[in-house]
Amino acid sequence: MLRAIANLTPKEIRLIFYAWILMIAAAVAVRFFSFPILRSLASRPLKREICNPDHQVELARETRAAISMAARRSPLRALCFEKGLVAQILLRRRGVPSVLYYGLKQEQDKQLEAHVWVMVGDFPVCGEGVADQFVTLTKIPHDAQQRVSD
């Protein structure tokens with residue numbers, strides 16, 4: 001682990017640490033808050049929008065890597081919902097329009113399984129590996145329009 005950190009820039013270390021703190025907060029939020037509250041956290045308006053698609057993808061890649069590292073080191077649950085919330089919050093704070101998808105599928109034993117994934121345009125940030133197996137119930141923001149606050 002120390003070797004991995006030694007190869008990172010101070011900016012990358014800050015992003016990973018911030019993602020780690022958010023991952024812990026997201027685990028608590030998923031456990032104790034209702035879905036409407038979680039949806040409002042994930043649909044906060046952009047403060048600014050980064051228009052250059054290449055820069056958006058670069059920031060999405062950085063965010064994906066930070067979330068992966070933070071999730072592996074989280075002392076609390078870090079599954080798709082927590083990762084998706086963290087991705088959505090980090091990206092929107094950084095001015096990257098992103099969409100969090102929440103989907104369901106029915107298993108063979110008739111139980112429902114939920115899954116969350118986040119996309120920046122066509123770029124998958126997290127949870128995309130099995131997303132095509134799920135029916136999308138909602139997108140956050142709901143209208144998938146990226147609102148920028150004044």
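Predicted model: local features only at pLDDT ≥ 70, side-chain atom pairs only at ≥ 80, totals over all residues.
1. Val120 counts as buried at 3% relative accessibility, where buried means under 20% relative accessible area, exposed over 50% and partly exposed in between, with a 1.4 Å probe and protein chains only. Val120 is found in strand 2; helices (H or I, at least four residues) and strands (E, at least two) are DSSP runs numbered from the N terminus. Leaving aside neighbours within four places in sequence, Val120 is in contact with Gln56, Ala60, Leu91, Val96, Pro97, Ser98 and Val125, contact meaning heavy atoms within 4.5 Å.

2. Residues are numbered from 1 along each chain as its sequence is written, and side-chain values use heavy atoms, with hydrogens and water left out.

3. Gln56, one of the contacts of Val120, lies in helix 4 (residues 53-72) and is buried, with a relative accessible area of 13%. Apart from neighbours within four places in sequence, Gln56 is in contact with Ile50, Cys51, Val96, Pro97 and Val120.

4. The structure holds 4 salt bridges, a salt bridge being a side-chain nitrogen of Lys or Arg within 4 Å of a carboxyl oxygen of Asp or Glu. Lys11, Glu62 and Arg94 are linked in a network of such bridges. In the bridge between Lys11 and Glu62 the N to O distance is 3.8 Å, and this pair links distant parts of the chain, Lys11 in helix 2 and Glu62 in helix 4, 51 residues apart. For the bridge between Arg94 and Glu62 the N to O distance is 2.8 Å; Arg94 lies in the loop between helix 5 and strand 1 (99-106) and Glu62 in helix 4, so the pair ties together parts that are 32 residues apart in sequence. Arg94 is buried at 15%, whereas Lys11 is partly exposed at 45% and Glu62 is partly exposed at 22%.

5. Glu82 forms a salt bridge with Arg77, and the closest N and O atoms are 2.4 Å apart. Glu82 counts as buried at 0% relative accessibility, while Arg77 is partly exposed at 45%.

6. There are 6 aromatic pairs in the structure; rings of Phe, Tyr and Trp (its six-membered ring) pair if their centres lie within 6.5 Å, and planes under 30 degrees apart count as stacked, over 60 as edge-to-face and the rest as tilted. The ring centres of Phe35 and Phe81 are 6.3 Å apart and their planes stand at 55°, so this pair is tilted. Because Phe35 lies in helix 3 (residues 35-42) and Phe81 in helix 5 (residues 80-93), the pair ties together parts that are 46 residues apart in sequence. Phe35 is partly exposed at 27%, and Phe81 is buried at 13%. Phe35, Phe81 and Tyr102 form one aromatic cluster.

7. The rings of Trp117 and Phe134 have their centres 6.5 Å apart and their planes at 45°, so this pair is tilted as well. Trp117 is in strand 2 (residues 112-120) and Phe134 in the loop between strand 3 (123-126) and strand 4 (135-140), and the pair links these distant parts of the chain, 17 residues apart. Both Trp117 and Phe134 are buried.
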